[in-house]
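Please keep the sequence and the structure in view while reading.

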Amino acid sequence: MAHPTRIEPSVLHKLAMHAPESGNRLWTGIREKSMMTLNSTAFPNKKIEEWKFTDLKLISRTPFVRTGQAETIPAQNIEKYFIPESDRSRLVFINGIFQEGYSSIGGLGKGVTVGNLSAYARNKIVQAYLNKLVNYENDLFTAYNGLMFEDGAFIHLEPGARAEAPIQILNLYTDSEKPFIANPRILIVADTDSDATVIEEHIGLSENVYMTIPVCEVKVKQRAHIHHVRIQRDGQNAIHMSRPIAYVEKNSEYHSYTITLGAKLSRNEPRVIQEDEEVNFTMDGLVLIDGEQVADTHSLMDHRFSHANSHQLHKVVVNGSAHSIFNGKIFVRRDAQKIDSFQENRNLLLSADGLVNTKPQLEIFADDVLCSHGATIGQLDPEEVFYLQSRGMTEEKAKEVLTYAFALETIENVKVDSVHKLLIDEVYRYTRANSKPKKVLV
Amino acid sequence: MLELKNLHAEVEGEGIEILKGVNLKVSKGEIHAIMGPNGSGKSTLSKVVAGHPHYEVTKGDILYNGESILEMDPDERAHAGIFLAFQYPVEVPGVTNTTLLRESYNTIAASRGREELDPLEFDDYIKEKLSLVEMNPDFLERSVNTGFSGGEKKRNEIFQMAVLQPTLSLLDETDSGLDIDALRIVSDGINKLHGDHDAIVLITHYQRLLNYIIPDHVHVMINGRIVKTGGKELALELEEKGYDWLESLETVNGEAK
Ligand SMILES: Nc1ncnc2c1ncn2[C@@H]1O[C@H](COP(=O)(O)OP(=O)(O)OP(=O)(O)O)[C@@H](O)[C@H]1O
Ligand SMILES: [Mg+2]
């Protein structure tokens, strides 16, 4: 144990390398490709620029086992996580494994296919796209997923198809005796002129240690619209390493809203890649963390063609000794003219021990572009607190109201009522818990 | 109702003294006007009375209904009936006017033994108060003061006063920024709100306001002290002569500048 960071990744490596054989050729191909990455990539450390602020000791020192050996405890009362709007458009996974009994599909009308990937392993669309959209250079985590995933969610919209209800992809993680790894996957292919809202959730049911590595691939074809809400409510000792990537074609729209509430350590790497002109995309984020939580977002908006409208509002509230990291890359390639890109990272620091690292990173090679970007780190404005107090609110209430107002902006665009309400409740719960002055009792 | 006794206050932690011994007595049913040059300490005085934590009272006392309020937090003072209309109302993005007012009204009502209003009753109540200052109902759903014009912010302050029904209102330059019609409307509103059981302290630079709201007493503040007090005709005299002739009083009154 002299060099835990050198020795321990091999636990993960071993698990990944000796993952059970898969019965189908598509999976086998993905495993082979992932194995190459695994063999040629070192485990990240803080000397690598992209990992400068994020310590992965928590991963390298945890003796993960396969889900089958983790002595998982069956989940109870799963129904309370169901979104009423998605009554007949719901996919449920527990620790990455599809749960047919809890899922409900078929309420989406013509041209919409929703199911689990392994059931569609021979499907032309799955064959054509699965793992083909994953584009993370030297990334071990996508390789781990590629080697270990068993199943995932599959959504296909035929040309002109409109999902009549939001589609809920509910990933639950159960309590366990030993730390395990889950490898959820999502593939969304929205054909021309199609439209869907997808609610992707990750919920930890207990306080056990586990790591989830969700890999999500989205293809938005011409004139299609995807509204993608991602809610991370992993357990307080969980590790969440997500890799959602979307490709947007001509005249399409992709709007994603990522809400990060849980996990002890999370690293989210959303990417949107422009594939043609005239696109419109959003990559908003809200992070509410406390205690010892570390939440890292490394995002990329890659503008490769002219006429794109892109928007990224990333809001963060930090309390306790939590730590937020934001690195927002905006690429504007040489031939991408008339780009209107907005990026803003606003951080609200509620405690003296909290930490925020933020780095907007613009790399612009075109000349006719409008890119506004900014990052702010601040406390609650004492003049605002006084103003509200002078109107009768206690200091605590004033701080609560202001924190709530700060956070609310990013979830206003979530258009599914029950999800919007859930998020408001979550924001409220967080602000209630975090507006009290943390006094030391003597 | 309000009594300031040799009130000294400085900027917390910086030792810059701004109020240098203010004496003032305001009784129920009265209207007082405080005038004085820029930077003389008028806004500071109003914020100190409202309990702003940036200022520290180093000497003297603030009595409200006979009792010292120095130890009270700003919200407790608001509960006791003190209201400050800010010279520069603060923008609070994300908090709507309705949210603020409902929260404020109900906490103040609860602490003063008035009955809380349910949302429907509150709606009716608030509509009536809107009409008092002729404010557009659209403002209710907007974030507090956010993007409001200067005049709209001032009108909003008086609207809040109307809703909260304070017993002591400190109105800091409510007239600045209001157009001619708005000044008349807002003044009418203030007059309607004023009665035998409350008191108003107006801070202003302009005699014009005092044509609408007639003060019982006019005070001149210079360099952190009230150097002269008179009736409403004092305002006219100031309008004509400025403050130069009063500067000397400052030293006559005692301690060094
Ligand atoms: N927080 C502070 N820090 C430093 N100086 C302050 C602070 N607050 C007030 N002052 C100073 O105290 C003095 C009085 O300010 P105040 O705002 O009370 O003046 P005023 O009489 O209201 O002026 P005006 O007519 O321009 O509104 C000014 O010189 C001001 O710069
Ligand atoms: Mg002033």
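Two strands pair if DSSP finds at least two bridges between them. Strands (E, at least two residues) and helices (H or I, at least four residues) are DSSP runs, numbered from the N terminus. This is a predicted model, in which local features need pLDDT of at least 70 and side-chain atom pairs count only at pLDDT 80 or more, while totals for chains, interfaces and linings use all residues. Residues are numbered from 1 along each chain as its sequence is written, chains are lettered from A and ligands numbered from 1 in the order in which they are written, and side-chain values use heavy atoms, with hydrogens and water left out.

**Strands of chain A**

Strand E14 of chain A covers residues 265–268. A:Leu265 and A:Arg267 point one way from this strand, A:Ser266 and A:Asn268 point the other way, and all are buried (under 20% relative accessible area with a 1.4 Å probe, protein chains only; exposed is over 50%, and partly exposed lies in between). Strand E14 is joined in parallel by 4 bridges to strand E12 (residues 239–248), and 4 bridges also join E14 to strand E17 (residues 294–303), again parallel. A:Arg267 stands opposite A:Met241 and also opposite A:Asp296 in E17.

Chain A also holds an open sheet of 10 strands in the order E2-E1-E5-E8-E11-E13-E16-E18-E20-E22, with mixed pairing. Strands E2 (97–98) and E22 (369–378) each have a single partner strand, so one side of each is left without a neighbour in the sheet. Strand E1 (residues 90–94) runs antiparallel to E2, with 2 bridges between them; A:Phe93 has A:Phe98 as its bridge partner.

A:Thr197 lies in strand E8 (residues 195–204) of chain A. A:Thr197 counts as buried because its relative accessible area is 11%. Beyond its neighbours within four places in sequence, A:Thr197 is in contact (heavy atoms within 4.5 Å) with residues including A:Pro166, A:His227 and A:Val416.

**A strand of chain B**

In chain B, strand E6 (residues 82–85) is covered on both faces, with B:Ile82 and B:Leu84 buried on one side and B:Phe83 and B:Ala85 on the other. Strand E6 pairs in the parallel sense with strand E9 (residues 168–172) over 4 bridges, and B:Leu84 stands opposite B:Leu170 in E9.

| Strand pair | Sense | Bridges |
|---|---|---|
| E12(A) and E14(A) | parallel | 4 bridges |
| E14(A) and E17(A) | parallel | 4 bridges |
| E1(A) and E2(A) | antiparallel | 2 bridges |
| E6(B) and E9(B) | parallel | 4 bridges |

**The interface**

Chain A gives 17 residues to the contact and chain B gives 32 residues. About 1,900 Å² is buried between the chains, 65% of it from carbon and sulfur atoms; this is the accessible area (1.4 Å probe) that two parts lose on being put together, summed over both. On the side of chain A, A:Phe386, A:Tyr387 and A:Arg391 lose the most area, together 41% of what that side buries.

The interface has 2 salt bridges, each a side-chain nitrogen of Lys or Arg within 4 Å of a carboxyl oxygen of Asp or Glu. B:Glu103 forms a salt bridge with A:Lys397, with the closest N and O atoms 3.9 Å apart. Helices H7 (382–390) and H8 (395–408) are the elements that give two or more residues to the side of chain A that touches chain B, and H7 supplies the largest share, 8 residues.

A:Thr394 lies in the loop between H7 and H8 of chain A. This residue counts as partly exposed because its relative accessibility is 37%. Leaving aside neighbours within four places in sequence, A:Thr394 is in contact with A:Gln389 and B:Asp75.
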